[in-house]
Amino acid sequence: MSGSTDPRFEAVAELFAANLASGADVGASFAATIEGETVVDLWGGWADEARTRPWEADTLVNVYSTTKTMTALTALLLADRGELDFAAPVARYWPEFAANGKAAITVAQLMAHSSGMSGWREPITQEDLYDWDKATGLLAAQAPFWEPGTAPGYHAQTQGFLVGEVVRRITGRSLGSVFREEIAEPLGADFHIGMGAEHDARVADLIPPTGGVPADLGEPSPLLINMMTNPASNPLDSRTRAWRAAEMPAVNGQGNARSIAQIHALLANGGVANDKRLLSEAGCRKALEPQIEGVDLVLGIPARFGLGFGLAPMIPLPGPNCIFWGGYGGSLAIIDMDARATYAFAMNRMGMTTIGDERGLGMAAAMWGALAA
């Protein structure tokens, strides 16, 4: 284990070390910021299952749906600049999307997983998801699975294409490019949506979970089966150049806990990070605005969504002005706007969960306990 920990948060370092020692983690990173300052930055273990490559300070890993927080942040940035209106129909920016009863679907409904577009109706392959025009074209042509705006239903893979195409229509650039040029590079943050081959040697291998349906899901429904099988998700795909090069802004972000915490310090600190103001405070707090709640039609569990993030009580959070999301297997990002704090976890040993698990949440809770002491 390497890195640094403010003495107030020694319990976090102890938990991190215990997870590595017990085998709960093979390789991992955890980071936290308060008032924009990094107070915990830990990494350790191994970048591969054979334990031949140490997890280094600059090791990256695919964080699955924690990528969605970067996609949401990119949309919030455009909205703050007046280029994107969340209340507007998607078809204002993407006219083809109006087909098949979708003319009234709003951008906010894409952000809050309530548009009814949780998957593809046509059978598709993993390779189809590397073809932006095909993936988005199929979504534009199809009908929603349920009446938009009436219930949440997790858009596990589609959200990145849906929000990403809106961003592309507005800016003329891919979401990964806008994110890189307008957020990651100005902040000096090592997070990538669509990653060049020059970074491959730094990427940890995801270790797939064992078992069947993730433990945090409800009973399998047709919508859940569609999410899980069309196409089937195979974590080993994340080891390929094709996966890493593609832009799938819901699932294939490559980063580590440090970069996740650094980037979301923007939202925690009213739009300022690394001494740069990229958003207004009001623009950041848009993410807190509740959009939809109820039993998620895909996940089968109670859900509550703001603009691009989950809200309490989906997971335990330290206060009312917190937002979060996590990734398949365990990665996690939490932003506390009251404490002006961020917490992030990224790892390679995947657990049987869809949106984070007790490893990252346990260390975040240790942070909250220390702050409250």
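A salt bridge is taken here as a side-chain nitrogen of Lys or Arg lying within 4 Å of a carboxyl oxygen of Asp or Glu, and a search of the whole structure on this criterion returns 21 salt bridges. The structure is a predicted model, in which local features need a pLDDT of at least 70 and side-chain atom pairs count only at pLDDT 80 or more, whereas totals for chains, interfaces and linings use all residues. Residues are numbered from 1 along each chain as its sequence is written, and side-chain values use heavy atoms, with hydrogens and water left out.

Among the salt bridges is that of Glu-96 with Arg-169, whose closest N and O atoms are 3.0 Å apart. This pair links distant parts of the chain, 73 residues apart, with Glu-96 in the loop between α3 (90-93) and α4 (107-111) and Arg-169 in helix α6 (residues 158-171); helices (H or I, at least four residues) and strands (E, at least two) are DSSP runs, numbered from the N terminus. Accessibility is classed as buried under 20% relative accessible area, exposed over 50%, and partly exposed in between, with a 1.4 Å probe and protein chains only. On that scale Glu-96 is partly exposed at 43% relative accessibility, and Arg-169 is partly exposed at 31%.

Glu-165 counts as buried, at 2% relative accessibility, whereas Arg-168 counts as partly exposed, at 31%. A further salt bridge joins the side chains of Arg-202 and Asp-190 at 2.7 Å, N to O. Both residues of this pair, 12 residues apart, lie in the loop between α7 (175-187) and α8 (222-229), and Asp-190 is partly exposed at 21% relative accessibility.

With a disulfide defined as a pair of cysteine sulfur atoms within 2.5 Å, the search of the whole structure finds zero disulfides. Cys-284 is in no disulfide, and the nearest cysteine sulfur, that of Cys-322, is 14 Å away. For Cys-322, in turn, the closest cysteine sulfur is that of Cys-284, and the distance of 14 Å is too far for a bond. Cys-284 is buried at 0% relative accessibility, and Cys-322 is buried with a relative accessible area of 2%.

Strand β2 (residues 27-34) is mostly covered, eight of its eight residues being buried. In a regular strand the side chains alternate between the two faces of the sheet. Both faces of β2 are covered, with Gly-27, Ser-29, Ala-31 and Thr-33 buried on one side and Ala-28, Phe-30, Ala-32 and Ile-34 buried on the other. Pairing of two strands requires that DSSP find at least two bridges between them. In this sense β2 pairs with strand β3 (residues 37-45) in an antiparallel manner over eight bridges, and Ser-29 stands opposite Trp-43 in β3. The hairpin of β2 and β3 has two residues between the strands, and within this hairpin Glu-35 takes a positive phi near 55 degrees. β2 also pairs with strand β12 (residues 341-347), again in the antiparallel sense, over seven bridges, with Ala-344 in β12 as the bridge partner of Ala-31.

Pockets were located on a 1 Å grid over the protein atoms alone, a pocket being an open set of points where a 1.4 Å probe fits, with protein on both sides within 12 Å along at least five of seven lines, and lining residues having an atom within 4 Å of a point. Grid points are joined across faces, edges and corners, and a volume is the space filled by probe spheres set on the points. The largest pocket has a volume of about 390 Å³, and of the 19 residues that line this pocket, the closest to its centre are Tyr-64, Met-227, Met-228, Ser-233 and Tyr-328. Its lining divides into 12 nonpolar, seven polar and no charged residues, where Ala, Val, Leu, Ile, Met, Phe, Trp, Tyr, Cys and Pro count as nonpolar, Asp, Glu, Lys and Arg as charged, and the others, Gly among them, as polar.

The second largest pocket has a volume of about 260 Å³. Of its 14 lining residues, Gly-36, Ala-265, Ala-273, Asn-274 and Asp-275 are the closest to the centre, and the elements that give two or more residues to this lining are β3, α10 (257-268) and β6 (272-273). By class, the lining of the second largest pocket has four nonpolar, six polar and four charged residues.
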